[in-house]
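Subject: Structure handover

Hello,

Here is the structure to look through, with notes below it. Please open it alongside the text.

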Number of protein chains: 2
Amino acid sequence: MSLPHAVLTSLLEKATSGYDLARRFDKSIGYFWHATHQQIYRELARMEAAGWIAAFVPPDAGKTRKKHYRVLPAGRQELARWALEPTAPMDLRDAFTVKLRADAVLDEIDLVPELERHLALHQAQLAHYQRIEAQDFPPGQPLPRAQAIQHLILKRGMLYEQAQIAWGREMLVLLGDQNT
Amino acid sequence: MSLPHAVLTSLLEKATSGYDLARRFDKSIGYFWHATHQQIYRELARMEAAGWIAAFVPPDAGKTRKKHYRVLPAGRQELARWALEPTAPMDLRDAFTVKLRADAVLDEIDLVPELERHLALHQAQLAHYQRIEAQDFPPGQPLPRAQAIQHLILKRGMLYEQAQIAWGREMLVLLGDQNT
DNA sequence: TGCTCCATGTAACACGTTACATGATTGC
DNA sequence: GCAATCATGTAACGTGTTACATGGAGCA
């Protein structure tokens, strides 16, 4: 149960609206914690009820319904509490690997197109990360602590994609060889 | 929605009971598709109702309640259908990365112990994979297709753990440096 | 007798997904 | 005027988690 904590973190980085948070969960924080806009609205309502966050009308609201949220001391405290509590490493639910095992046992399906599709997606994601790195972390400068952490998180994403790509190519050779 | 397909795959690899499947989901197939025993029993009931699998009393049942399941043609067909359908790459929900970002913004918590704990877990998992490799895939022999796929899947798990470990050590240096 | 493991489940609840609803603002 | 985007939500449903229940088998 870390969605509320991911939202708190995101709000601390920048107080904003549910709509905007939802878009942030399609990039940035969403790269390692996925959530839909409905989950976010629900969680915001709960956290407001719990006194962790409070809504306010932003200066640029005009006549819109827009609401921003800021983190209250109780929310900050809860985030710190949770951060120190041990949590399990992420458990994986990777459909493609299931498919591979299905292929190994069925021996009658061609996963090459799907693998190629995934390879392309991983390459696109890697390229995306590299663009972010070029923009936000120009080389040669020593970074303050917070920035250095953000940079290493980004690097982890890149490592992950690179590993997926390297492995995927090996797998492609194996699947291709035996198909022809 | 790939849990039923993971179960079908596992049953094709070896027809067995819900209890045994649950244990298999704590290792083997569970390394990349996690599920609890309640999910498995529920899914078995559904798939039996759908005509994808059928229960039978195994020869060694004695007076126990033990039931085994085998995959029916409809189940095999469904698995093949699903395997060819495009599915999204796994989306990540990694609590530790959320904690790191929380640390970056709160700047008042010490994640070193939690990181060390995770590092130890990744090292243990890697060692476990290496034992499996030594046992099941002795070097130097060309493997049949199905085995070669299984081996590459295992290698992917090892790559993943190695990447986590290498990255974790870098992160440890960063967090440690700035704590002292 | 009491303990652990085998084996299958029910129930309740929390979390995640999909579909739909509503209305205001911005740009063409 | 119309379409796209901003912005917030409701409802229904499906999946995943936690707690508990039940009873047999094997063993000290």
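Predicted model: local features only at pLDDT ≥ 70, side-chain atom pairs only at ≥ 80, totals over all residues.

Interface

Chain A puts 68 residues in contact with chain B, and 68 residues of chain B are in contact with chain A. The area buried between the two chains is about 7100 Å². Carbon and sulfur atoms give 64% of that buried area.

For polar pairing, the rule finds 31 residue pairs in polar contact across the interface of chain A and chain B, with both residues at pLDDT 80 or more. On the side of chain A that touches chain B, the elements giving two or more residues are α1 (3-13), α4 (73-84), α5 (95-106), α6 (112-136) and α7 (145-179) of chain A. The largest share comes from α7(A), with 18 residues. By class, this side of chain A divides into 38 nonpolar, 13 polar and 17 charged residues.

Salt bridges

Side chains of opposite charge can pair when their charged atoms come close. Over all chains the count comes to 24 salt bridges, and the rule finds 10 across the interface of chain A and chain B.

Two pairs can be looked up directly. A:Asp94 and B:Arg156 meet through their side chains in a salt bridge, at 2.4 Å from N to O. This pair crosses between chains: A:Asp94 sits in the loop between α4 and α5 of chain A, and B:Arg156 is in helix α7 of chain B. A:Arg145 forms a salt bridge with B:Asp107, where the closest N and O atoms are 3.1 Å apart.

The largest pocket holds about 660 Å³ of space. It is lined by 28 residues, of which A:Arg101, B:Lys27, B:Ser28, B:Tyr31 and B:Phe32 are the closest to its centre. The elements that give two or more residues to this lining are α5 and α7 of chain A, together with α2 (18-24), α6 (112-136) and α7 (145-179) of chain B. Of these, α7(B) gives the most, with 7 residues. The lining of the largest pocket has 11 nonpolar, 7 polar and 10 charged residues.

The second largest pocket has a volume of about 560 Å³. Its lining has 24 residues, and the closest to the centre are A:Ser28, A:Tyr31, A:Ile132, A:Leu154 and B:Arg101. At least two residues each are supplied by α6 and α7 of chain A and by α5 (95-106) and α7 of chain B. Here α7(A) gives the most, with 7 residues. By class, the lining of the second largest pocket has 11 nonpolar, 8 polar and 5 charged residues.

One residue of chain B

B:Glu133 lies in helix α6 of chain B. Which residues does B:Glu133 contact, leaving aside its neighbours within four places in sequence? They are B:Pro138, B:His151, B:Leu154, B:Lys155 and B:Met158. B:Leu154 is 21 residues from B:Glu133 along the chain, and the C-alpha atoms of the two are separated by 7.5 Å.

Regards

Methods. Residues numbered from 1 in each chain as written. Chains lettered and ligands numbered in written order. Heavy atoms only, no water. Contact = heavy atoms within 4.5 Å. Buried area = accessible area lost by both parts, 1.4 Å probe. Salt bridge = Lys/Arg side-chain N within 4 Å of Asp/Glu carboxyl O. Polar contact = N/O pair within 3.5 Å; in protein donor to acceptor, adjacent residues only side chain to side chain. Helix = DSSP H or I, 4+ residues; strand = E, 2+ residues; numbered from the N terminus. Nonpolar A, V, L, I, M, F, W, Y, C, P; charged D, E, K, R; others polar. 1 Å grid on protein atoms, 1.4 Å probe; cavity = no way out; pocket = protein on both sides within 12 Å on 5 of 7 lines; lining within 4 Å. Points joined across faces, edges and corners; volume = space filled by probe spheres on them.
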